[in-house]
Amino acid sequence: MLIYWDNFHLVGVGSRIVSGVLSGIDSGVSVGSGIGSGVVSGVRYLLTFIINGMKILGIETSCDETSAAVLKVNPPSRKASEGQVKVLSNIVSSQVKIHSPYGGVVPSLAAREHEKNLKPVFEKALKESKTKMAEIDLIAVTAGPGLEIALWRGINFARELAHLH
């Protein structure tokens with residue numbers, strides 16, 4: 001089961017890491033084949049979503065802005081056949097002032113700033129949304145297009161969060 005959503009890769013489901021998601025994407029291999037109990041867990045998460053909805057943490061580091069958002073996705077209902085998405089928080093840390101003396105984005109500088117800003121931006125997004133990490137059902141992270149060195153900062157941060165929670 002390889003889940004790919006627009007420009008985001010699904011990195012974690014609840015406290016379980018979807019292991020090998022990046023190598024699966026790179027090699028075109030479907031992640032999750034042969035996992036067995038993973039199917040049961042997946043069905044459990046799907047049923048939880050159908051009943052309660054889910055919260056998604058999104059992380060973005062494709063260029064010169066570090067951002068994190070928490071979304072509440074409600075399941076489809078009789079009133080709303082497609083479900084509803086509510087943005088609980090959307091925190092952006094801009095690097096415009098840092099890059100302006102150079103006339104454009106400096107990739108290594110952008111990556112260093114992402115490294116510095118990811119944790120505070122993430123923490124502020126959780127705080128503003130009044131959400132604990134244990135309540136996050138999915139972690140989505142930008143995987144492209146963008147500056148590769150900057151993208152990897154966000155991807156690795158998301159993977160670390162998924163491992164820890």
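Okay, quick definition before anything else: when I say exposed I mean over 50% relative accessible area, buried is under 20%, and partly exposed is in between. Keep in mind that this is a predicted model.

So, E115. It has 53% relative accessibility, so E115 counts as exposed. Its salt-bridge partner is R153, with the closest N and O atoms 3.0 Å apart. That pair links distant parts of the chain, since R153 sits in helix α5 and E115 in helix α4, 38 residues apart. R153 itself is partly exposed, at 27%.

One joins E135 to K55, closest N and O atoms 3.7 Å apart. E135 is in the loop between α4 and β7 while K55 is in strand β4, so this pair ties together parts 80 residues apart in sequence. K55 is at 14% relative accessibility, so it counts as buried, whereas E135 is partly exposed at 35%.

The other is K116 with E113, at 3.1 Å between the closest N and O atoms. Both are in helix α4, 3 residues apart, about one turn. Here K116 is exposed at 53%, but E113 is buried at 9%.

Now, the inside. Which residues touch the most other members of the largest nonpolar core? Out of 19 residues, those are L57, I59, F122, M133, I136, I139 and L161. Elements giving at least two residues each include β4, α4 and α5. Take L161: leaving out residues up to four places away in sequence, it touches L57, I59, F122, M133 and I139. There's also a second, separate core of 5 residues, with M54 and V73 among them.

How values were computed
Residues are numbered from 1 along each chain as its sequence is written. This is a predicted model: local features need pLDDT of at least 70, side-chain atom pairs count only at pLDDT 80 or more; totals for chains, interfaces and linings use all residues. Side-chain values use heavy atoms; hydrogens and water are left out. A nonpolar core is a set of buried Ala, Val, Leu, Ile, Met, Phe, Trp, Tyr and Cys residues joined through side-chain atoms within 4.5 Å. Buried means under 20% relative accessible area, exposed over 50%, partly exposed in between (1.4 Å probe, protein chains only). Helices (H or I, at least four residues) and strands (E, at least two) are DSSP runs, numbered from the N terminus. Contact means heavy atoms within 4.5 Å. A salt bridge is a side-chain nitrogen of Lys or Arg within 4 Å of a carboxyl oxygen of Asp or Glu.
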